Amino acid sequence: MLGINRKLEEMETNGDIIKVGLVGAGQMGRGMVSQIENMSGMRVVLTADIQLDNVVNAYVKAGIADADIVKTTDAEEAAAAIQSGKVVATTDARLVTSSTAVDVVVDATGVPDIGAKIAWDAILNRKHIVMLNVEADVTIGPLLKKMADASGVVYTGTAGDEPGAIMELYDFADALGFEVVALGKGKNNPLNLAANPDTAADEAARKGASAKMLASFQDGTKTMVEMTAVANATGFLPDTPGMHGFVSDVKGLPEIFQLKEDGGQVSKKKIVEYINGVAPGVFAIIASEKEEVNHEMQYLSMGAGPNYVLYRPYHLTSLETPISIARAFIYNEATIAPWKGLQAETVTVAKTDLQEGQFLDSIGGFTVYGHILSAEDAKQQNALPLGLVDRHVQLKRSVKKGNIVTYDDVIQTKESTIWRLRRIQDETFAKRL
């Protein structure tokens, strides 16, 4: 957002900063800590991770002296350390969500159930919550947003993640009065529904990435989840279950998103989609019925129309998260949130033949992948939301490869926070579908 830099500089000049609490000091968390340490008016004062060394490493890599890092699980000791200008490393996530020294909480765990706990606790403690956990958001985001609104705090996804970057294009075009025809993102690698941590291991090692995370990109799950978040924010839906996955360069996008009767490849407007060939970018397809607007767009070399493409060729993941932190704290605004409620669902599909009694693993694992449906279709099929899948979910009966896993197919051997919150969400919004 324009002007955030000046607002943050003004805060620092006045002796004030946004005090950030972070849960999760993995790759995303580390990058964010270092980025914020370069900024005015903001600091990550308290970070939690199950591995304390991860937190210390994140702070040291950000240029913070070891003597200025206080390791504690005690709330009073943490508050005193922050008051004296030091930062705190802890293994206790609840210390982050409950600390009076923290203004904005960031969840960078990537685990849906943990993200649910963090967001729930942050909101109950009346703190803004920024989610780098899209999997949790698409599962229980509408409930969390309703809670945050009632508590007077902001629930938001993050700038820099693809849904947030897409939302920036949408807001820009929608504010100007353009018709927004489609919203989408590029996919970095060919779709491989059978991808798992073993098949992704070599490439993950070369890239220094998690094999499980890479598998979730390759099998399409991450794309489905991200576009579900966009759907819930805008009301746009996939043109077909799972989306098309067209192949194109940026120049070809306007023609693809014309209706079939007009020579294009889609059946309706206001859709979400992914494209092989434009990664790592995000895009919005826009149009106008005004003759003068079309003349101006053509004069500006935006193409012949009737569709035009707005394309952003980058997204900086957690390095952009500080923008969402600042928007929440300064302007009380979300970057992206499920404003339209539960419009779409990423449902659970068997990655291989699954047997009765088998436990499911998790996103990017060996047993399941995600597939986007409209929320109405998902409800009619009693489909299991992917964000509810974890090692405590067991199959009551076998499910064939490629079939959707339903609620009727599974039992919980141990209830989790995200299951409980999803049940509350379903009861709260039951009449909307």
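For my notes, helices are DSSP runs of H or I with at least four residues, numbered from the N terminus. I also jot down that this is a predicted model.

**Entry 1: Asp219**

I looked up where Asp219 sits, and I found it in the loop between helix H10 (211–218) and H11. Is Asp219 buried or exposed? Its relative accessibility is 1%, and buried means under 20%, so I wrote Asp219 down as buried.

Next I checked its side chain. A polar contact of 2.8 Å links the side chain of Asp219 with that of Lys351. Then I listed the contacts of Asp219, skipping neighbours within four places in sequence. Lys351 turns up here too, together with Leu191, Asn192, Leu193, Ala195, Gly364, Val368 and Tyr369.

**Entry 2: Thr228**

With a relative accessible area of 0%, Thr228 is buried, because the cut-off is under 20%. Which residues does Thr228 touch, not counting residues up to four places away in sequence? I noted Val138, Ala344, Glu345, Thr346 and Ile372.

**Entry 3: H7 and H16**

Now for a pair of helices. I picked helix H7 (residues 134–151) and helix H16 (residues 417–428), whose axes come within 9 Å and cross at roughly 60 degrees. Why do I call H7 and H16 oblique? Angles of 65 to 115 degrees count as roughly perpendicular and those under 35 as roughly parallel, so a crossing at roughly 60 degrees is oblique. I also noted that H7 and H16 cross in a left-handed way.

On the H7 side, I found Ala136, Thr139, Ile140, Gly141, Pro142, Leu143 and Lys146 making the contact. H16 contributes Ile418, Leu421, Arg422, Ile424, Gln425 and Thr428. Sorted by class, the residues of this contact of H7 with H16 are seven nonpolar, four polar and two charged.

**Entry 4: H1 and H14**

My last pair was helix H1 (residues 4–13) and helix H14 (residues 321–331). Their axes come within 11 Å and cross at roughly 65 degrees. The range 65 to 115 counts as roughly perpendicular, so that is the word I wrote for H1 and H14. The crossing of H1 past H14 is left-handed.

Which residues of H1 make the contact? I read off Ile4, Lys7, Leu8 and Met11. From H14 come Ile323, Ala326, Arg327, Phe329, Ile330 and Tyr331. My tally by class for the contact of H1 with H14 reads eight nonpolar, no polar and two charged residues.

Conventions. Residues numbered from 1 in each chain as written. Predicted model: local features only at pLDDT ≥ 70, side-chain atom pairs only at ≥ 80, totals over all residues. Heavy atoms only, no water. Buried < 20%, exposed > 50% of the residue type's maximum accessible area, 1.4 Å probe, protein only. Contact = heavy atoms within 4.5 Å. Helix = DSSP H or I, 4+ residues; strand = E, 2+ residues; numbered from the N terminus. Polar contact = N/O pair within 3.5 Å; in protein donor to acceptor, adjacent residues only side chain to side chain. Axes fitted to C-alpha atoms, helices over the stretch in contact; angles between N-to-C directions. Parallel < 35°, antiparallel > 145°, perpendicular 65-115°, else oblique. Left-handed = near helix turned anticlockwise from the far one by under 90°. Nonpolar A, V, L, I, M, F, W, Y, C, P; charged D, E, K, R; others polar.
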